[in-house]
Amino acid sequence: MASRQVGRREQSGSPVRAAGVRGTDPCPCGTGRAYAQCCEPFHDGAPAPTAEALMRSRYTAFVVGDEDYLFRTWHPRTRPEGPYCHPGTQWTGLSVDETVDGGVQDETGVVEFTASYRTGDGRGAVVADTLHERSRFTRRAGRWLYLDAVE
């Protein structure tokens, strides 16, 4: 029996993430690269080389609904109980506003970003909004982890 990775399903013989993102599709994180050459390898277990790459891949995990990846990349000291993805939220864009440290030789980093999304307002209407966050990242056992948001 062939095993499947969490968060994937088969459609027309091509692997597709739960939210319908194929490897050849543009990556939701906004780099302009295909998902298979951008965030998908991180979702499949490769370590992100920088804090910014981890932040982008975590955004993409929210887009595709990859709860397992969000759990694995959240520092255990600050990780809340799930679920992390909210079914009524559709993430629509990401911009990285600033990156401080977080490179391949660093042990800590900060990434400031703005993510746009649409969600229901609880009364049947759809509301567009943004999330602005300045996130701290740390390296643990050679892998970048999301630590928390800072003011």
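Reader: Why is Cys-38 called buried?

Author: Buried means under 20% relative accessible area, exposed over 50%, and partly exposed in between, with a 1.4 Å probe and protein chains only. Cys-38 has a relative accessible area of 5%, so Cys-38 is buried. Cys-27 also counts as buried, because its relative accessibility is 5%.

Author: A word on the source. This is a predicted model: local features need pLDDT of at least 70, side-chain atom pairs count only at pLDDT 80 or more, and totals for chains, interfaces and linings use all residues. Residues are numbered from 1 along each chain as its sequence is written, and side-chain values use heavy atoms, with hydrogens and water left out.

Reader: How do you know whether Cys-27 is bonded or too far from the closest cysteine sulfur?

Author: A disulfide is a pair of cysteine sulfur atoms within 2.5 Å. The closest cysteine sulfur to that of Cys-27 is in Cys-39, 3.5 Å away, so the two are too far apart for a bond. Cys-38 is in no disulfide either: its nearest cysteine sulfur, that of Cys-29, is 3.5 Å away. By this rule the count is 0 disulfides.

Reader: What makes Thr-130 partly exposed?

Author: Its relative accessibility is 47%, so Thr-130 counts as partly exposed. Thr-130 lies in strand S5, residues 126-140. Strands (E, at least two residues) and helices (H or I, at least four) are DSSP runs, numbered from the N terminus.

Reader: Which residues is Thr-130 in contact with, leaving aside its neighbours within four places in sequence?

Author: Contact means heavy atoms within 4.5 Å. Thr-130 is in contact with Thr-114, Ala-115, Ser-116 and Tyr-117. Ala-115 is 15 residues from Thr-130 along the chain, yet their C-alpha atoms are separated by 5.5 Å.

Reader: What makes S4 and S5 a pair?

Author: Two strands pair if DSSP finds at least two bridges between them. Strand S4 (residues 108-120) is joined to S5 by 13 bridges, so they pair, and they run antiparallel. Val-111 stands opposite Ser-135 in S5. Thr-108 stands opposite Thr-138 in S5. S4 and S5 form a hairpin with 5 residues between them, and Gly-122 in the turn has a positive phi of about 85 degrees.

Reader: How many bridges pair S3 with S4?

Author: S3 and S4 pair over 10 bridges, in the antiparallel sense. Leu-94 stands opposite Ala-115 in S4. The hairpin of S3 and S4 has 6 residues between the strands, and Gly-102 there takes a positive phi near 80 degrees.

Reader: What order do the strands of the open sheet have?

Author: The 4 strands run S3-S4-S5-S6, with antiparallel pairing. Strand S3 (90-101) and strand S6 (143-150) are the edge strands, as each pairs on one side only.

Reader: Where does helix H2 lie?

Author: Helix H2 (residues 51-64) lies across S3, S4, S5 and S6. H2 runs at about 170 degrees to S3. Axes are lines fitted to C-alpha atoms, for helices over the stretch in contact, and angles run from 0 to 180 degrees between N-to-C directions.
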